[in-house]
Amino acid sequence: MTTNVSGVPAAATPTAPFTTDATWTNWGGNQSATPAFTVRPGNEHEALDAVRFAIREGLPVRAVGSGHSSSPLVQTGGVLMDMSGLSAITGTDRLGRRARALAGTTINAFGDALWDKGLALSNQGDIDKQQIAGALATSTHGSGKDLGSFSSKLRWVKLINGYGEIVEIGEDQIRELRAAQTALGTLGIFLEVELAVEDSYYLQEEITYPTWAETRSTWQADIDNNRHYSFLWCPGDDSCELLDLPGSPDHSMGGRSYTKRYNAASVQDESQLSTVEGDRLDRSYRIYPGGFTTQFHELEYFVRSEDGLVAVEAIQELIRSRYPEQKYPVEVRWVKSDDAYMSQFQGRDSTVITLTTEPGTDYWQFFRDADAVLQEFEPRAHWGKIHFMTRSRLERLYPELDTFIQVRREFDPKGMFLNDHTRSLLG
């Protein structure tokens with residue numbers, strides 16, 4: 001009889017439900033893999049058993065969430081862990097403003113559960129279908145110059161490491177925590193997390209459609225004077241509809257910005273709430289999601305905030321001069337700096353520039369040229385989007401890269417949680 005790493009008799013296959021040789025494809029349709037085993041644990045014991053099975057069989061392990069990443073983070077020929085069965089808010093601390101959740105809990109599941117306890121997530125992005133572990137692994141974010149990414153809110157995590165052990169990382173282990181905050185799934189399989197949250201709040205929405213000259217003239221004032229500010233610059237009149245956004249009822253959208261401002265509002269009675277498009281007043285978690293239901297592919301880069309305007313205008317010029325057929329809006333947002341070793345925002349406040357394209361079209365040269373145009377600004381990339389990051393770029397852009405790699409090797413000395421993509425960057 002074989003035994004697993006702890007000496008307990010080992011099963012010949014994972015105890016959790018699994019399939020063999022099933023093809024996985026991401027939400028955008030540009031990434032796929034056929035792992036030897038796709039395992040769907042329903043609790044941490046089944047997850048632990050699956051990892052120990054993989055260790056014994058010499059199979060690499062990757063976790064998959066909601067599949068919203070466009071980069072090759074998930075691919076493996078070994079064991080793919082579908083964590084959707086580990087989904088629940090497991091605890092809240094009203095006074096300490098903390099919330100715990102299982103790794104497969106989707107962002108939209110936090111809304112009502114936290115609100116009932118007088119709490120809310122500090123910020124969210126346009127899409128709320130991602131699982132929280134995946135959002136943390138890739139430093140997913142919203143917009144607001146004083147607001148950090150999801151990763152910046154991680155305060156504790158329980159995970160399975162490369163030894164087949166369940167371990168915890170808390171705030172008394174700051175070196176390990178900063179590695180875990182944005183880890184690209186390379187430290188281990190997350191089981192449960194604790195986030196810093198805040199008191200529940202309402203948001204007032206304001207949607208406007210300024211020209212580019214107007215957007216430019218109020219650039220810094222809009223960044224400074226709104227809790228959340230972002231815009232989507234539209235190259236063509238039909239740009240908004242490509243992302244299911246309502247354009248201006250009074251103006252053609254070509255050259256204009258679909259601008260979003262959200263600010264905290266006082267609400268005494270929820271009968272005051274409004275669902276009028278462009279002027280909504282509602283609970284924060286109902287305001288944040290911005291539609292975007294159709295499939296798309298994205299490249300998303302981050303430059304220092306002080307370089308944001310020049311970088312955006314460089315991308316606009318690239319589209320006008322060389323890629324006039326690219327009609328998807330260019331989304332621009334802001335995120336506060338943090339201390340996570342591999343976060344896109346490590347040590348610098350950032351302007352976010354997101355380029356979107358249609359699946360099935362030949363967009364690679366456009367993305368490569370956008371990457372080249374932005375190089376003078378030392379851009380970092382969203383780990384869950386299409387990008388052209390290399391190990392040499394990371395060595396220039398991430399001052400704590402060596403520290404992260406040291407921690408990663410301590411948690412996973414045999415590289416169980418690496419795939420080809422992450423090995424080339426962090427192996």
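The legends below describe close-up views of a predicted model.

**View 1. Strand β12 and its burial in the predicted model.** Strand β12 spans residues 189-196, and eight of its eight residues are buried. Because each of these residues falls under the 20% relative accessible area that defines burial, strand β12 is largely enclosed by the rest of the structure.

**View 2. The pairing of strand β8 with strand β12.** Strand β8, made up of residues 98-102, runs antiparallel to β12, and the two strands are joined by five bridges.

**View 3. The pairing of strand β10 with strand β12.** Strand β10, which covers residues 154-160, is also antiparallel to β12, with six bridges joining the two strands. Within this pairing, Val157 stands opposite Val193 of β12.

**View 4. Asp21 in the loop between β1 and β2.** Asp21 lies between strand β1 (18-20) and strand β2 (24-25), and its phi angle is near 55 degrees, a positive value in a residue other than glycine. With a relative accessible area of 56%, Asp21 is exposed, since the cut-off for that class is over 50%.

**View 5. Arg97 in the loop between β7 and β8.**

Key. Residues are numbered from 1 along each chain as its sequence is written. This is a predicted model: local features need pLDDT of at least 70, side-chain atom pairs count only at pLDDT 80 or more; totals for chains, interfaces and linings use all residues. Side-chain values use heavy atoms; hydrogens and water are left out. Buried means under 20% relative accessible area, exposed over 50%, partly exposed in between (1.4 Å probe, protein chains only). Helices (H or I, at least four residues) and strands (E, at least two) are DSSP runs, numbered from the N terminus. Two strands pair if DSSP finds at least two bridges between them.
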